[in-house]
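Me: I've just opened a new structure and would like a guided tour. Could you take my questions one at a time?

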Amino acid sequence: MKSIHERTTLNNGVKMPWLGLGVYKAEDGREVINTIKEAVSAGYRSIDTAAIYENEEGVGEAIRQVNVPREELFITTKVWNDRHGYDEAIKAFEESREKLGVDVIDLYLIHWPVTGKFTETWKALEHLYKEGRVRAIGVSNFNIHHLETLLEEAEIVPAVNQMEYHPLLALPELHAFCKEKGIQLEAWSPLTRGRIFDDPIIRSIAEKHGKSPAQIILRWDLQNEVVTIPKSVTPSRIRENAAIFDFELDQEDMDKINSMNKNHRFSGDPDTFA
């Protein structure tokens, strides 16, 4: 991967940028608009939001303000836990689409696997996909057993599974399962809010390459073939996070970072959160 404009091809042929911008906790209005404008100026083309973030309207306004054609942008949003079920998910999608001000959403995800409800919600997403109202559909926070349950009834295999993913939570079994099924793994909270920036392994590799700890972690994501969406509202960090295409980690670097895995979560466990 030599450019921020490189994309992975999802299982339905849709191309998704390897690097995107997460806007969790970016305040609706001026903050999220300015953040997206800065990111697009730095080369980002993928923006990840969700209904629960309450900033879809600002994301939509930013889409209209940036000097980039809509077809070059890749917009992801998600259905929240209180909107599961066929009819409710269809309504939730339309609300998000209207707030974003777009005709078609690029990727629509089930945000969390609410027990006993997500298979019915998936049927709604399949309907939206068949109607052409969304270019790709997927899930977020689905462990292997969630995916197995979904696939028993699904007509369409999820294109993406978005998970908390970082060197302390590398999810090797889940990653292998997703690859086997043709599901693209995507990392949320890849930088753990800076909690592992002082780890000796990360710091030594950063010094070796003359890069920041954040850049090392994001490059590790990409070389593991994991789409990544670091979040920031700080212009310098947005640009720093994008400057990861002019170097490459060698196998020794990758092995050292892979060895850090402790199956440690900083956020909710999909088996208990929803």
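Predicted model: local features only at pLDDT ≥ 70, side-chain atom pairs only at ≥ 80, totals over all residues.

Reply: Residues are numbered from 1 along each chain as its sequence is written, and side-chain values use heavy atoms, with hydrogens and water left out.

Me: Which residue does the UniProt annotation "binding site" cover, and is that residue buried or exposed?
Reply: The label comes from an unreviewed UniProt entry and sits on H111; such annotations may be inferred rather than shown by experiment, and positions follow the numbering used here, with feature names shortened. H111 is in the loop between β6 (105–110) and α4 (118–130), where helices (H or I, at least four residues) and strands (E, at least two) are DSSP runs numbered from the N terminus. Buried means under 20% relative accessible area, exposed over 50%, and partly exposed in between (1.4 Å probe, protein chains only). With 7% relative accessibility, H111 is therefore buried.

Me: Which backbone oxygen does the side chain of R45 reach?
Reply: R45 sits in the loop between α1 (30–41) and β4 (46–48), and its 14% relative accessibility makes R45 buried. A polar contact is a pair of N or O atoms within 3.5 Å; within protein, one must be able to donate a hydrogen and the other to accept it, and residues adjacent in sequence count only if both atoms are side-chain atoms. At 3.0 Å, the R45 side chain reaches the backbone oxygen of V40.

Me: How far apart in sequence are the parts that D48 and K78 tie together?
Reply: A salt bridge puts a side-chain nitrogen of Lys or Arg within 4 Å of a carboxyl oxygen of Asp or Glu, and D48 and K78 form one with their closest N and O atoms 2.7 Å apart. Since D48 is in strand β4 and K78 in strand β5 (residues 74–79), the pair links parts separated in sequence by 30 residues.

Me: What separates E120 and K123 in helix α4?
Reply: Their side chains meet in a salt bridge at 3.7 Å, N to O. Because E120 and K123 are 3 residues apart in helix α4, their separation is about one helical turn.
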